[in-house]
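Visitor: I would like to learn how to read a structure of this kind. Please take me through it step by step.

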Amino acid sequence: MSTEELSVPIVCDECETETRVPLDDLADALERHNAEKHGGESVAEVNPAIKDRLADLVAEDLGLFDEDAAERP
Ligand SMILES: [Zn+2]
């Protein structure tokens, strides 16, 4: 609790929630939330304000942002 880990805010428009998760759990947390709450649709996502900066760091590794382009309705 005393150490500020690198945590990432996940926002969900439908649930109107924002949750901070450790970077290590990011992909799992997103997937789990979307699977449990939204039937697997990509509703929850990394806070857009953070996304750009995060993208520079890790997004490509996680493969999170490839889905955005592919899954537009
Ligand atoms: Zn949600």
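The dialogue below goes from the overall layout to single residues.

Visitor: What should I know about the model and its numbering?

Guide: The model is predicted: local features need pLDDT of at least 70, side-chain atom pairs count only at pLDDT 80 or more, and totals for chains, interfaces and linings use all residues. Numbering starts from 1 along each chain, as its sequence is written.

Visitor: How is pLDDT read here?

Guide: pLDDT is the predictor's confidence in each residue, from 0 to 100. The chain averages 80, and 68% of the residues score at least 70. Among the elements, H1 has the highest mean pLDDT (95), while helix H3 (residues 66-70) has the lowest (55).

Visitor: Which helices and strands does the chain have, and in what pattern?

Guide: Helices (H or I, at least four residues) and strands (E, at least two) are DSSP runs, numbered from the N terminus. This chain has 3 helices and 3 strands, in the pattern β-β-α-β-α-α along the sequence.

Visitor: What is the order of the strands in the sheet?

Guide: Strands of a sheet pair through backbone hydrogen bonds, either parallel or antiparallel. Two strands count as paired if DSSP finds at least two bridges between them. Here an open sheet of 3 strands has the order S2-S1-S3, with antiparallel pairing. S2 and strand S3 (45-46) are the edge strands, each pairing on one side only. H1 packs on this sheet, touching S1 and S2, and its direction makes about 15 degrees with that of S1; axes are lines fitted to C-alpha atoms, for helices over the stretch in contact, and angles run from 0 to 180 degrees between N-to-C directions.

Visitor: How many bridges join S1 to each of its partners?

Guide: S1 is joined to S2 by 6 bridges and to S3 by 2 bridges. On the S2 side, Pro9 stands opposite Arg20, and Val11 has Glu18 as its bridge partner. On the S3 side, Ile10 stands opposite Val46.

Visitor: How does the span of H1 compare with the expected one?

Guide: The expected span of a helix is 1.5 Å times one less than its number of residues. H1 has 13 residues and reaches 17 Å from its first C-alpha to its last, close to the expected 18 Å. Gly39 follows H1, with a positive phi near 60 degrees.

Visitor: Where is the largest nonpolar core?

Guide: A residue is buried if 20 or more other C-beta atoms lie within 10 Å of its own, exposed if 12 or fewer, and partly exposed in between, with C-beta atoms placed from the backbone. A nonpolar core is a set of buried Ala, Val, Leu, Ile, Met, Phe, Trp, Tyr and Cys residues joined through C-beta atoms within 7 Å. The largest one here has 7 residues: Val8, Ile10, Leu26, Leu30, Ala44, Val46 and Leu54. S1 and helix H1 (26-38) each supply at least two of its residues. Buried residues make up 11% of the 73 residues in the chain.

Visitor: Which residues does Leu30 touch?

Guide: Two residues are in contact if their C-beta atoms, placed from the backbone, lie within 7 Å. Not counting residues up to four places away in sequence, Leu30 touches Ile10 and Ala44.

Visitor: What stands out about the phi of Glu16?

Guide: Most residues other than glycine have a negative phi. Glu16 is not a glycine, yet its phi is positive, about 55 degrees. Glu16 lies in the loop between strand S1 (7-12) and strand S2 (17-22), a hairpin with 4 residues between the strands. Glu16 counts as exposed, because it has 7 C-beta neighbours inside 10 Å.
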